[in-house]
Amino acid sequence: MSEPRVRRAEIAIEQEHVDRVYRRLAELRAQAEAMRTKGYEIGHGAQREAVFEQASMLFERDMMVFHANQTLQTLDAEYEGLVFGRLDQTIGEKIYVGRLGIRDAEFDNLVTDWRAPAAAAFYQATAEEPMDVVRRRVIRCSGQNVLDVDDDVLIPDAVPDDMQVVGEGALMAALGRSRGEKMRDIVATIQREQDEVIRAPWRGVTEITGGPGTGKTAVALHRAAYLLYRYRRQLGGAGVFVLGPSGVFTSYISRVLPSMGETNVELRALGEVLDGVVATRQDPGPLAAIKGSLRMRKVLTRAMRDTPPDVPAELRIVYRGEVLRLQGKELEKVRRKVHGHGGPPNRSRVRAAETLLEALADKAEENARADGGSVDRTELIMELGERIDFHRFLVVWWPVLYPGEILRWLGDPARLARAGKGVLKRDEVDLLAASFADREADWTVADVALLDELRVLTGPPPKRRRRAQQVELDAAPAARTEQGPHRPEHYDEYSHIVVDESQDLSPMQWRMIGRRGKYASWTVVGDPVQSSWPDPAEAAQARDQAFGLRSQRRRYTLRTNYRNSAEIFDLAAGVVAGYAGADELPKAVRTTGIEPDVRIVERTGVEVGTQAAAKELMDAVEGTVGVICAMDRVTEVQGWLQGRADERLKVVGSLDAKGLEYDAVVLVEPTELITESTTGRRVLYVALTRATQQLTVVASDREWL
């Protein structure tokens, strides 16, 4: 029988099983809907029952409806491509692998969940260690329709005479497919080295390193789905937190976990970690390096303890006909004494009142001694402590502090110089002050960690003031789309935290994330070669503090680049030669015969060159085309391509390109990417490794080469 006929026959065999699975899926869905309907009927019946029976019936109603809704949500999420694999074993057993486990009405297994131990061989079996698997088959579906099958034979001597083998290998077939705007899950093509990471123990810290295209992000997300499946009791209630480098990135990966049925996950970008703030603007490299340094902790603490602007410079109060005055230096001495106790100022107003009253009593005793008299200290403190004029002064002199307000105060160079004395250099003071002084500008991504640090330093405001704090935090209010269930403000009890592009986190950002992971296990993904943070040692110190005393630490390195063609990756590797050892770079396993197209043009011709390259690549590939440029060029380049209204074409800045991939990329002025960043060629290396099929570079110089 010819290859096409064999393939069609095998597709028909798998279609028969897939049809059976979807018929059972429809039955399960109908059962869940019936359960939900019955639950609502119980609720209506409870209204007619005696009061003492209502609570029990309503609880039963709630549990039935909740369980039914959970079941329906899972069945709907896993509908697309439900069955994707099959294992034929030496003992003659067939195991179908899919997105969730399904049994028929007699409880016979129709599909094994990909996360179950029985499915591990689908990812882990090799020709060297076949794990009793004769044939591994990947089944590619669209909806309920089987489109194709691809086989790997792991034990050739055990293949029975009637077993047909077809296909070119699932992974290479998947690599050749075009990319869309959202990341796809890789449950059908997980490789053995990736599966080992996904199924690693959940406790402690699991670090995943590897170069571009090694699947680090996909592995981390699939690990989260696996852990929630395997350790639902330990991890499910508190939830999982996934941190990405940018909103562009989190949008890109947003469908992966829901597509695997996991919704108890909070997905946020670095600029969205603090409730009430959505920051997308990036600081220039030198400014971001100052804001991210641990030195800012001392600067922020001093700024918080400094005298707030516009507070009264004198306390004047009359006690039994005598005027008692506390003036500037005396008031500052009181303020320092209150802060010396170390409590958060928003929780220290009572202490501030007590210390002020003690100072007034000291003043009264001093005056009395000069006149040869005496004062009943206890009586004075009790009487003044009940006076309305004293409390009016206290409220103004010891105001509620808000993080955004304090950062804006540092727009005053003199105030910032005081806070940064011995910590910041003069030019650093000027840079920071200019950044904080612009009250019309929204917060930057680096500011969010500073705001979070101040949130902890100042302590929570009185409850009636918390809404005002949220408004103050967000200079440019914007609603953040909720990912997963609603949680309390500044929630810090996550059971597991996934950090992607961890090599770029500043020390202050590690502190911010560490607060959310006090009780969590961690999966941390990164590649030191791609780092945009200039001081890795300081970041490592803050990272270890964020992990705390967790003794279990394991590290995995992914070494195979599945994304880039070898032709594209060779160019990228050359750019970072001297910045990374050969063992730090992955190996690209795919060749296309298409070399990167490097076009050197006049500076005045960059716009036209970019337009031409974008058009050519849009015509050449079916999927997405990314145009990557320096961060401060994004708006300009978007203007160049404004007339090309195609959803497949995306313009992104160098930092926002992290973690993304496109079928083809136009890289604009690579030297600008080097000069805008404190880590230079590492940022260019990232941009050059975003393309899966074709790469065109439009440059006005050759220095970057």
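Trainee: What is the length of the polar contact that joins the side chains of His496 and Ser521?
Mentor: Keep in mind that this is a predicted model. His496 is found in strand β12, residues 496–499. The side chains of His496 and Ser521 are joined by a polar contact, and its length is 2.6 Å.

Trainee: Is His496 buried or exposed?
Mentor: Check what's around it in the fold: His496 is in contact with residues including Trp202, Arg223, Phe241 and Trp522. There is also a polar contact of 2.8 Å between the side chains of His496 and Thr523. The cut-off for buried is under 20% relative accessible area. His496 has 1%, so it is buried.

Trainee: Which residue in β11 is the bridge partner of Val318?
Mentor: β10 pairs with β11, residues 322–326, in the antiparallel sense over five bridges. The hairpin of these two strands has two residues between them, and Arg320 takes a positive phi near 50 degrees there. For Val318, the bridge partner in β11 is Val323.

Trainee: Are helices α21 and α22 roughly parallel or antiparallel?
Mentor: The axes of α21 (residues 507–516) and α22 (residues 536–547) come within 8 Å and cross at roughly 5 degrees. Angles under 35 degrees count as roughly parallel. So α21 and α22 are roughly parallel.

Trainee: How many residues of the contact of α21 with α22 are charged?
Mentor: On the α21 side, the contact is made by Pro507, Trp510, Arg511 and Gly514. On the α22 side, the residues include Glu538, Arg543 and Phe547. The contact divides into six nonpolar and two polar residues, and the charged ones number three.

Trainee: How many of the ten residues of α23 are buried?
Mentor: This helix covers residues 566–575 and is mostly covered. Among the buried ones are Ala566, Ile568, Phe569 and Val575. The elements that cover them include β15, β16 and α27. The number of buried residues in α23 is eight.

Trainee: Are α23 and α27 roughly parallel or antiparallel?
Mentor: Their axes come within 9 Å and cross at roughly 175 degrees. Angles over 145 degrees count as roughly antiparallel. So α23 and α27 are roughly antiparallel.

Trainee: Which residues of α27 make the contact with α23?
Mentor: From α23, the contact takes in Ile568, Phe569, Leu571, Ala572, Ala573 and Val575. Counting both helices, the contact has nine nonpolar residues, no polar and one charged. The α27 residues are Arg681, Leu684, Tyr685 and Leu688.

Trainee: Which are the edge strands of the open sheet of five strands?
Mentor: The order is β17-β21-β20-β18-β19, with parallel pairing. An edge strand here pairs on one side only. The edge strands are β17 and β19.

Trainee: Which residue in β21 is the bridge partner of Ile600?
Mentor: β17 and β21 pair in the parallel sense over four bridges. The bridge partner of Ile600 in β21 is Ala699.

Trainee: Which side chain does Glu661 make a polar contact with?
Mentor: Glu661 sits in the loop between β19 and β20. Glu661 counts as buried because its relative accessibility is 16%. At 3.0 Å, the side chain that Glu661 makes a polar contact with is that of Arg563.

Note on methods: Residues numbered from 1 in each chain as written. Predicted model: local features only at pLDDT ≥ 70, side-chain atom pairs only at ≥ 80, totals over all residues. Heavy atoms only, no water. Buried < 20%, exposed > 50% of the residue type's maximum accessible area, 1.4 Å probe, protein only. Contact = heavy atoms within 4.5 Å. Polar contact = N/O pair within 3.5 Å; in protein donor to acceptor, adjacent residues only side chain to side chain. Pairing = 2+ DSSP bridges. Axes fitted to C-alpha atoms, helices over the stretch in contact; angles between N-to-C directions. Parallel < 35°, antiparallel > 145°, perpendicular 65-115°, else oblique. Nonpolar A, V, L, I, M, F, W, Y, C, P; charged D, E, K, R; others polar. Lists of a residue's contacts leave out its neighbours within four places in sequence.
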